[in-house]
There are 2 protein chains.
Amino acid sequence: MKPLFVMIIFVITAAESASIPHIPRFPGQSAGSRLRNHAAATHHASKYDTRYFHQRLDHFSFAEAPGFKQRYLVGPSAGLWTPPSPIFFYCGNEGDIEWFSDNTGFVWEIAPAFSALVIFAEHRYYGESMPFGSREEAYKDAKSLSYLTTEQAIADFATLIIDLKRNLSAEDSPVVLFGGSYGGMLAAWMRLKYPHIAIGALASSAPILQFEDIAPPESFYDIVSSDFKRESRNCFDVIKNSWDVLEAQGKYDDGLVKLSRKFRLCKELNNTQQLSDWLDSAYSYLAMVDYPYASNFLMPLPAYPIKEVCKKVDGFPDGADFLDRIFAGASIYYNYTGSVDCFDLEDDPHGMSGWDWQACSEMVMPLSRSKENSMFPAYEFNYSAFADECSQSYGVKPRPAWITTEFGGHDISKVLKKFGSNIIFSNGLLDPWSGGGVLQNISHSIVALVTELGAHHIDLRASTKDDPEWLVELREMEIKLIKGWIDDYFQERASYSL
Amino acid sequence: MKPLFVMIIFVITAAESASIPHIPRFPGQSAGSRLRNHAAATHHASKYDTRYFHQRLDHFSFAEAPGFKQRYLVGPSAGLWTPPSPIFFYCGNEGDIEWFSDNTGFVWEIAPAFSALVIFAEHRYYGESMPFGSREEAYKDAKSLSYLTTEQAIADFATLIIDLKRNLSAEDSPVVLFGGSYGGMLAAWMRLKYPHIAIGALASSAPILQFEDIAPPESFYDIVSSDFKRESRNCFDVIKNSWDVLEAQGKYDDGLVKLSRKFRLCKELNNTQQLSDWLDSAYSYLAMVDYPYASNFLMPLPAYPIKEVCKKVDGFPDGADFLDRIFAGASIYYNYTGSVDCFDLEDDPHGMSGWDWQACSEMVMPLSRSKENSMFPAYEFNYSAFADECSQSYGVKPRPAWITTEFGGHDISKVLKKFGSNIIFSNGLLDPWSGGGVLQNISHSIVALVTELGAHHIDLRASTKDDPEWLVELREMEIKLIKGWIDDYFQERASYSL
């Protein structure tokens with residue numbers, strides 16, 4: 001099994017930090033090609049049909065551009081659903097939609113009780129939903145990628161829903177949006193921008209405030225770090241000190257060779273940075289998927305994986321080598337099943353990934369690493385270096401203020417207190433993305449559900465026998481709120497037709 | 001003075017009607033080139049500075065495209081306004097922004113009492129705000145026109161406001177949107193789509209429901225007709241019967257010559273249709289500007305101009321020629337000052353106008369003419385003929401369902417009852433566009449102000465000594481509501497900073 005981490009679009013000056021952080025990703029990015037490895041991959045496959053919708057490439061201009069086929073999953077099969085029962089619509093994010101469907105069991109599980117039709121719509125430029133006929137053509141250059149934007153993606157969803165409802169004679173069916181992570185941002189924004197199309201949205205772990213200076217840029221890495229610190233102060237300290245050790249080691253004559261051997265790498269290291277990034281990714285993703293039961297979202301992992309990592313790190317005798325501890329810890333993430341012979345740090349470091357493009361164009365989420373609270377090398381986000389790198393790597397100039405211009409974010413409580421309705425923002429405080437989330441109720445019907453021990457959109461996952469009580473209660477609350485929206489809708493509809 | 005009516009993009013089959021209606025326009029379309037003729041043109045000129053903002057051509061993709069200079073008017077001059085006092089922002093419509101400023105005295109008049117800064121922003125592709133460097137280049141073909149859409153225009157406004165507020169250190173100033181007619185649609189839609197940028201909108205005479213099958217397609221011409229009927233049943237009947245007379249006359253050997261002479265045309269008619277369109281325009285515009293005082297919005301006109309037209313039509317002795325009556329009536333509209341020697345029916349029938357492009361791309365407002373209630377030749381809107389003509393004339397395929405996909409409209413009361421806030425929809429029932437307006441309160445703060453005797457956005461015009469009491473009261477109510485939004489905003493702001 002290969003870890004797939006495509007590289008780096010940050011550069012920083014030496015004065016700021018010794019290390020070069022890469023862009024933290026949402027989990028979806030690495031989903032596509034690992035889909036087939038997942039045990040869960042066919043879990044719900046029998047429940048849905050796969051269909052394709054001819055979608056417009058550019059919704060907001062009349063320029064001639066070829067359309068593309070957008071994939072969506074729909075279930076239950078025709079005949080087993082009757083309008084005006086509700087439609088549960090998952091807003092696909094940056095990856096293969098089947099993978100999101102497999103990892104969003106909550107929606108499939110609750111749908112029958114609502115007699116709801118479930119739709120999982122794939123995001124343009126991901127999975128099979130490629131403009132210009134192929135991934136290669138779609139990802140050719142800045143021009144071909146220029147339509148990979150959130151506004152276009154949300155307009156895809158709007159167009160698809162309206163067309164589906166018409167074809168199913170389901171104009172009166174209420175639509176509820178679901179989304180996790182980036183998909184949760186899309187769900188929340190879609191409810192705000194298209195209230196006539198969806199009656200509400202469950203936005204799970206959606207860091208819609210991680211833009212400009214709204215959320216503190218340090219929050220992501222501070223939370224990753226505190227997730228480790230809460231398990232073990234020693235574990236945190238070992239990791240915090242390991243970066244210098246690693247770098248020092250790399251400077252010896254045969255340092256890179258030794259490091260490559262110690263970390264069982266398939267190819268010899270070119271520099272220590274590659275290894276730092278690999279470790280950084282492991283820690284960040286571990287914080288996202290620090291679930292209370294064994295799971296297989298990004299990797300096969302035990303319950304409470306950070307606890308397991310720290311057990312390894314702490315388990316060595318006093319005076320043991322720092323890097324032995326680190327390797328043992330990282331192996332929990334990268335090799336829990338024990339089946340990996342050697343580790344391949346990068347697949348294609350220059351391959352273009354959709355998320356890197358989005359992060360370099362409009363989804364500019366500034367992230368820093370604090371000296372005080374983080375276990376990572378300190379780093380202060382440097383916009384101009386970031387923009388230079390985007391321009392060099394992708395030929396695109398970021399528009400860092402565009403997302404807040406289009407969707408808001410500043411003073412969100414004030415703005416939405418009397419505007420908008422029916423949005424659930426759910427966040428778990430173990431999730432590093434929760435720092436950019438909405439953590440306080442905004443109004444009677446725009447509510448924040450916060451769980452202290454939740455990780456990245458755990459509520460959207462299928463239920464398990466090991467679910468802790470707080471998770472069961474969280475989901476019950478979500479179901480209750482969604483039921484309230486739907487009941488309101490039908491009550492109002494009945495009063496209109498009197 | 002030349003009447004400027006560019007022609008026709010409807011075609012209909014003979015089976016449906018003998019006449020070919022043209023697209024009814026909002027008043028703005030013919031504003032630009034007549035601006036300099038207007039007495040009012042410099043009325044407020046001293047109050048504002050003219051500025052230009054470098055605007056992005058395509059907000060919703062990252063395709064490389066040249067920017068353009070967007071013109072805006074701003075007053076009072078620097079130093080005479082202090083944030084966080086409010087900003088009153090007029091959403092420019094389909095014409096020269098100076099003309100809209102001149103004809104929107106209300107905003108200028110009420111601003112001082114609010115200590116408000118006033119901005120009138122020109123709509124892209126109109127006036128001086130031309131992409132690609134010139135009107136000629138901007139209007140060259142479907143490709144160059146493809147960015148002339150409402151969503152792009154509203155995003156222009158959003159971007160401009162955010163940039164202005166930053167430059168003026170006015171981040172805390174509340175923004176109130178104003179707009180009339182198409183500009184009113186933009187103001188309402190902008191409040192819905194960008195609640196974080198503007199705290200409310202006064203949308204005057206904004207037919208946001210004149211799409212698809214939401215409003216009855218006959219309403220526009222039914223209202224024009226009833227405006228005449230309420231003044232004089234005979235006047236209505238004469239006009240209703242005149243179309244056949246006119247057509248019959250045209251069929252005689254020298255019929256067109258005689259008609260051209262009777263109607264004092266500068267150039268001889270090619271067909272009676274030209275004349276019908278000219279008359280149709282006069283009646284439709286008369287209904288829009290049927291103001292209770294002398295005005296000079298589209299043409300110099302007396303108070304209650306329809307009453308004056310009907311006086312002429314009715315004033316002939318029994319048995320007088322129908323067409324003499326018609327000509328005398330039309331002359332009230334086209335030649336009230338008596339200075340016209342001959343009438344020029346069309347300037348350039350094939351010239352491309354911005355509004356025709358918009359009507360052929362996304363602003364598809366189906367209009368029919370009923371047999372029963374209208375004084376016009378019956379016509380049933382035929383979408384496929386319309387689409388064919390658009391494709392032929394402009395090389396564009398209309399997207400008739402796009403506006404409602406993007407902005408809603410169906411079931412608007414239900415959708416917005418619990419969503420959105422702070423919008424005034426004002427409509428006068430004499431205005432033919434009121435048929436597509438929001439005429440009932442939707443919620444506590446999305447309200448409809450309807451006046452029985454109002455014409456097209458009369459509330460936005462400068463006050464006059466002849467204003468009837470209902471108009472004075474209407475404006476007072478609008479001021480009170482706007483003041484309420486602003487007070488709320490500052491109260492909440494104060495409570496946050498405690």
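**A chat about helices, a sheet and contacts**

Student: Is the crossing of H7(B) and H11(B) left-handed or right-handed?

Tutor: H7(B) passes H11(B) in a right-handed crossing. Right-handed means the near helix is turned clockwise from the far one by less than a right angle, while anticlockwise makes it left-handed. Keep in mind that this is a predicted model, where local features need pLDDT of at least 70, side-chain atom pairs count only at pLDDT 80 or more, and totals for chains, interfaces and linings use all residues. Residues are numbered from 1 along each chain as its sequence is written, with chains lettered from A and ligands numbered from 1 in the order in which they are written.

Student: At what angle do H7(B) and H11(B) pack?

Tutor: About 65°, with 9 Å between the axes of H7 (residues 219-231) and H11 (residues 305-314) of chain B. Axes are lines fitted to C-alpha atoms, for helices over the stretch in contact, and angles run from 0 to 180 degrees between N-to-C directions. The helices (H or I, at least four residues) and strands (E, at least two) are DSSP runs, numbered from the N terminus.

Student: Which residues meet there, in H7(B) and H11(B)?

Tutor: From H7(B) come Asp227(B), Phe228(B) and Glu231(B), and they meet Ile306(B), Lys307(B) and Cys310(B) of H11(B). Contact here means C-beta atoms, placed from the backbone, within 7 Å. By class, that gives three nonpolar, no polar and three charged residues. Nonpolar covers Ala, Val, Leu, Ile, Met, Phe, Trp, Tyr, Cys and Pro; charged is Asp, Glu, Lys and Arg; the others, Gly among them, are polar.

Student: Switching topic: in what order do the strands of the open sheet in chain B come?

Tutor: The eight strands run E1-E2-E4-E3-E5-E6-E9-E10, with mixed pairing. Two strands pair if DSSP finds at least two bridges between them. E1 (49-55) and E10 (446-451) of chain B are the edges, each pairing on one side only. On average, neighbouring strands are turned by 20° against each other, direction ignored.

Student: What packs on the sheet?

Tutor: Helix H5 (residues 150-167) of chain B does, touching E1, E2 (68-75), E3, E4 and E5 (175-180) of chain B. Its direction makes about 110° with that of E1(B).

Student: And how many bridges join E3 to E4 of chain B?

Tutor: Five, and the two strands, residues 87-91 and 117-121 of chain B, run parallel. In that pairing, Cys91(B) stands opposite Ala121(B).

Student: OK, chain A now. How many residues of chain A are in contact with chain B?

Tutor: 31 residues of chain A, with 31 residues of chain B. H5(A) gives the most to chain A's side, five residues. By class, that side has 12 nonpolar, 12 polar and seven charged residues. For the complex, the predictor gives an ipTM of 0.92 and a pTM of 0.93.

Student: What domains does the assignment give chain A?

Tutor: Domain 1 (35-212 + 404-496) and domain 2 (216-334). Such bounds come from an automatic or database domain assignment.

Note on methods
Contact = placed C-beta atoms within 7 Å.
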